[in-house]
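Me: Please take a close look at a single part of this structure and describe its surroundings in a connected account.

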Amino acid sequence: MNNRIISDYSEIFETYQELKGDFLESHIAKLKELDMYMPHSSTFFCVTNTTTRSFEYVSKNFHPSTGLDAAAMCQQGMTYWWEQMHPDEMQLWLQSLTDLMTFTMSEINVHDRKKVSYTWNYRIKVADGLYRSILQHTTPMYFDEEGKPVIGLAHYSLLPAVSKFMPIRATAKMLNQNEEYETVFFKTYSEQKLISEQITFRERDIIRLISFGHSSEDIAEKLFISTNTVNSHRRNILKKTDCKNTSELVARSIREGMI
């Protein structure tokens, strides 16, 4: 493992606050109980501790999803996980974390940070020796005294094996008054022109809600805008992306890992 990776990661999540064990133990006990009832799938979750670069808990689907060693994941922590990542993406991945943390600390009020969810992607080498794209969604569970997120619940989805390259992208979404996520940060770390680079944050949220099957009226209510505005956005999105209809738009968005 490159020592610079460890150093850079530690700098991003540096904190001087000692975390209380009772907090972690009570939450992990609840997650273990929930994990017993989770169906087997290509998704798994972990409790991440950025201060110790460890995984406080790794769910049962980790090994079936990846074929990797769950005991090593728990014992060696993030060092083991980083060793599975594609070496060409390490610096871009670190840059995406840096940008997300900088945005959070400078642009989001400390009282609103508990409402934020983060998403990014990268490739890992699974048991068959091939690299597969993985989508990570992390929701902060605990913050240090400066309001920096240090303990998170991370959901990982192993994406289908495809030959098309998926660039690294970072997203931050925040809950609004209707408990609906709205995009507040998005960046792609690639020169490749994809659908996500052609649309605005608002249009991105509309595409996501369309993919969930919501009507224009539903979307308008969730995002506090008029139905006419939603319909106008829908027309503009189709025009920008050269998609014939919303079905094609959603399919392309899923294919490119935007949703």
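Reply: In this predicted model, helix 7 is largely enclosed by the rest of the structure, because eight of its 11 residues are buried. Those buried residues are E203, R204, D205, I206, I207, R208, L209 and I210.

Helix 7 spans residues 201-211 and helix 8 spans residues 216-223; the two pack at an angle of about 130°, and their axes lie 10 Å apart. Angles over 145 degrees would count as roughly antiparallel and those from 65 to 115 as roughly perpendicular, and the two helices are therefore oblique to each other. The crossing in which helix 7 passes helix 8 is right-handed. On the side of helix 7, the contact is made by R202, D205, I206, L209 and I210, while helix 8 contributes I219, K222 and L223. Sorted by class, this contact of helix 7 with helix 8 holds five nonpolar and three charged residues, with no polar ones. Just after helix 7, G213 adopts a positive phi of about 90°.

In soluble globular proteins, nonpolar side chains tend to be buried together. The largest nonpolar core here has 41 residues, and W81, W82, W93, Y122, I124 and Y156 are those with the most contacts inside it. Helix 6 (residues 90-107) supplies the largest share of this core, seven residues. Apart from that core lies another, of 13 residues, including I206, I207, V230 and I237. I206 and I207 are both among the buried residues of helix 7, and I206 also takes part in the contact with helix 8.

Terms used: Residues are numbered from 1 along each chain as its sequence is written. This is a predicted model: local features need pLDDT of at least 70, side-chain atom pairs count only at pLDDT 80 or more; totals for chains, interfaces and linings use all residues. Side-chain values use heavy atoms; hydrogens and water are left out. Axes are lines fitted to C-alpha atoms, for helices over the stretch in contact, and angles run from 0 to 180 degrees between N-to-C directions. Helices (H or I, at least four residues) and strands (E, at least two) are DSSP runs, numbered from the N terminus. Angles under 35 degrees count as roughly parallel, over 145 as roughly antiparallel, 65 to 115 as roughly perpendicular and the rest as oblique. A crossing is left-handed if the near helix is turned anticlockwise from the far one by less than a right angle, and right-handed if clockwise. Contact means heavy atoms within 4.5 Å. Ala, Val, Leu, Ile, Met, Phe, Trp, Tyr, Cys and Pro count as nonpolar, Asp, Glu, Lys and Arg as charged, and the others, Gly among them, as polar. A nonpolar core is a set of buried Ala, Val, Leu, Ile, Met, Phe, Trp, Tyr and Cys residues joined through side-chain atoms within 4.5 Å. Buried means under 20% relative accessible area, exposed over 50%, partly exposed in between (1.4 Å probe, protein chains only).
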